[in-house]
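Here are my notes on the two-chain model you sent. Please read them with the structure open.

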Amino acid sequence: MSKFRKENKKGAPGVNTSSLPDIVFMLLFFFMVATTTKESDPTVDVQRPQGVSATDLTPYKQRSEIDFLYIGEPRNKKRAADFKLGHALFLDNVAQPQPGDLYSTNSVADWKLDKMNTKPSNMNEPISNVITCIKADEGVPTILIFDIRDALQDIDALKIAYAVEDKSAF
Amino acid sequence: MAKRDIPEINAGSMADIAFLLLIFFLVTTTMEKDTAYIRYIPKKIDIPQPPPDIENRNIFEIRANAANRLMIRGEIIENPDDISDRVLEFYRINRSLSGEQTKSLIQNESYKGYEFPFYSRVTLDQIVKEIDKNEKDLERAEADEEEDFVVFYLDLLTKWQKKEQAIKMLKEKELVEIHPQAHIRVVVQQETEYKLFAKIHSEIQEALIELRDEAAMKYFGESYAKMSKRLDQDKEDKKGDGKKIRAIDVLFPESIIEVKPKG
């Protein structure tokens with residue numbers, strides 16, 4: 001008879017999982033704080049050109065002082081022929097317009113004014129201070145950029161931004 | 001055959017592994033940021049006016065053609081990375097000249113900086129005098145109800161007030177200012193790719209930030225980029241960056257003209 005009996009019946013004790021919710025909440029809060037939502041998924045392909053010393057737009061996004069428009073080749077290649085120079089404009093929150101209107105400078109002005117009307121009520125910057133950020137594909141002919149500029153000039157939306165991928169951060 | 005108990009796996013270290021993974025991803029992820037060059041479209045003018053006469057020396061013209069080739073001030077450039085150096089040269093070459101040197105060299109065609117913008121120097125007394133004069137002009141225009149003049153003098157007045165602010169912030173005897181007409185002109189053609197257009201803006205921005213950073217370090221001991229980022233994030237400007245940034249902007253104004261390609 002031995003004094004020490006092997007306790008082989010007990011096995012490993014169960015893991016205490018009561019702190020699991022804490023971990024999950026921590027993760028949840030992290031992502032809640034760190035994410036900025038994408039306005040919408042564009043229907044055009046945009047490969048941004050590279051640049052250095054660009055301005056970070058995050059603070060403007062947080063204050064809703066910026067609107068994005070996309071310009072590039074349409075994802076649906078068959079429709080490319082419908083647009084000026086084969087590049088389509090994508091304006092978020094616009095009901096799918098007719099192919100003819102989709103690339104038209106009139107729709108830019110209407111879209112921008114509509115955007116201004118749906119801003120949160122605590123945002124009281126005049127239209128000339130609200131940035132319009134043009135996210136254009138590398139291959140876009142610049143005349144299209146200038147068409148957009150003209151449309152914005154007509155409605156006094158005078159602050160624009162040319163989106164690039166900032167490679168100086170690395 | 002006797003049924004054997006399957007031993008329970010010890011999962012106690014699972015939490016450690018999960019934490020390790022979590023921390024690894026926390027550290028390594030970079031979230032894609034939206035970055036861009038902010039530019040201003042000039043206000044629309046209802047009555048077309050003839051373009052003012054601008055001396056060649058005050059224009060820094062960057063041309064890009066339909067085949068995406070570059071030309072700076074009439075000279076073909078192969079490498080677009082050279083643009084920023086040329087912009088720096090444009091701003092810097094005549095900046096360190098004293099008042100007398102400027103007067104003598106401005107007519108001297110053999111001087112190497114002849115084809116570049118010259119700088120003017122004003123003292124605080126001169127600025128204050130100009131402000132007084134403009135205030136009187138403004139009052140007179142308001143009394144006569146001549147709206148065009150009111151707008152004109154108001155513009156002028158704010159310009160001089162900015163200079164006053166700047167010279168006080170910089171604590172300099174003289175404010176060294178580039179010729180008011182000196183500007184960078186971007187001329188593209190319809191088919192020029194956006195990639196090159198963005199590259200041009202990238203190079204201009206790089207040069208401007210370098211100039212401004214240098215001045216900001218000299219006067220305020222902090223980089224311009226850092227101050228402007230802080231100002232972007234804090235609209236109320238608790239740290240007083242706005243004044244500093246406006247002072248630097250007076251020294252190195254961002255005057256870029258983008259010319260619409262003719263169709």
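Is K171(B) buried or exposed? K171(B) is exposed, because its relative accessible area is 72%. The points below start with the model as a whole and come back to this residue later.

1. **Confidence.** This is a predicted model. Chain B has a mean pLDDT of 83. In that chain, 97% of the residues reach 70 or more. Among the elements of chain B, strand β1 (residues 35-40) has the highest mean pLDDT, at 90. Helix α3 (residues 99-105) of chain B has the lowest, at 76.

2. **Chain A in outline.** Chain A has five helices and seven strands. Read from the N terminus, its elements follow the order α-β-β-β-α-β-β-α-α-β-α-β. Of its 170 residues, 44% are buried. Take the contacts in chain A between residues at least 6 apart in sequence: 71% of them join residues at least 24 apart.

3. **Chain B in outline.** Chain B contains eight helices and eight strands. Buried residues account for 38% of its 263 residues. Of the contacts in chain B between residues at least 6 apart in sequence, 68% link residues at least 24 apart. Chain B exposes about 16,900 Å², and carbon and sulfur atoms supply 53% of that area.

4. **Overall dimensions of chain B.** The radius of gyration of chain B is 27 Å. For a compact globule of 263 residues, the value would be near 18 Å. The C-alpha trace of chain B spans about 110 × 50 × 40 Å along its principal axes.

5. **Domains of chain B.** The domain assignment gives two entries for chain B. Domain 1 is made of 54-116 + 179-231 + 239-263. Domain 2 covers 119-176. Their C-alpha centres lie 25 Å apart. Across the boundary, 17 residues of domain 1 of chain B are in contact with 11 residues of domain 2 of chain B.

6. **The nonpolar cores.** The largest nonpolar core holds 85 residues. Y91(B) and L175(B) have the most contacts inside it. Helix α6 (residues 194-220) of chain B gives the most to this core, with 13 residues. Domain 1 and domain 2 of chain B each supply at least three residues to the core. A second, separate core has 15 residues, among them F68(A), F83(A), I131(A) and A163(A). As background, nonpolar side chains tend to be buried together in soluble globular proteins.

7. **L175(B).** Which residues does L175(B) contact, leaving aside its neighbours within four places in sequence? The list includes S120(B), R121(B), V122(B) and I127(B). K163(B), A166(B), I167(B) and L170(B) are also in contact with L175(B). V250(B) and L251(B) complete the set.

8. **I178(B).** I178(B) sits in strand β6 of chain B. It counts as buried because its relative accessibility is 7%. Leaving aside neighbours within four places in sequence, I178(B) is in contact with Y91(B), P117(B), F118(B), Y119(B) and P253(B). I178(B) and V250(B) are 72 residues apart in sequence, yet their C-alpha atoms are 9.0 Å apart in space.

9. **R212(B).** Look at this arginine in helix α6 of chain B. Is R212(B) buried or exposed? R212(B) is buried, because its relative accessible area is 7%. Beyond its neighbours within four places in sequence, R212(B) is in contact with Y224(B), I248(B), D249(B), F252(B), P253(B) and E254(B).

10. **Two positive phi values.** Most residues other than glycine have a negative phi. K171(B) has a positive phi, near 55°. K171(B) lies in the loop between α5 (147-170) and β6 (174-178) of chain B. R73(B) also has a positive phi, near 45°. R73(B) belongs to the loop between β3 (70-72) and β4 (75-77) of chain B. R73(B) counts as partly exposed because its relative accessibility is 25%, whereas K171(B) is exposed at 72%.

Terms used
Residues are numbered from 1 along each chain as its sequence is written. Chains are lettered from A and ligands numbered from 1 in the order in which they are written. This is a predicted model: local features need pLDDT of at least 70, side-chain atom pairs count only at pLDDT 80 or more; totals for chains, interfaces and linings use all residues. Side-chain values use heavy atoms; hydrogens and water are left out. pLDDT is the predictor's confidence in each residue, from 0 to 100. Helices (H or I, at least four residues) and strands (E, at least two) are DSSP runs, numbered from the N terminus. A nonpolar core is a set of buried Ala, Val, Leu, Ile, Met, Phe, Trp, Tyr and Cys residues joined through side-chain atoms within 4.5 Å. Buried means under 20% relative accessible area, exposed over 50%, partly exposed in between (1.4 Å probe, protein chains only). Domain bounds come from an automatic or database domain assignment. Contact means heavy atoms within 4.5 Å. The radius of gyration is taken over C-alpha atoms; the globule rule is 2.2 Å times the number of residues to the power 0.38. Accessible areas come from the Shrake-Rupley method with a 1.4 Å probe; for residues, only the protein chains shown count as cover.
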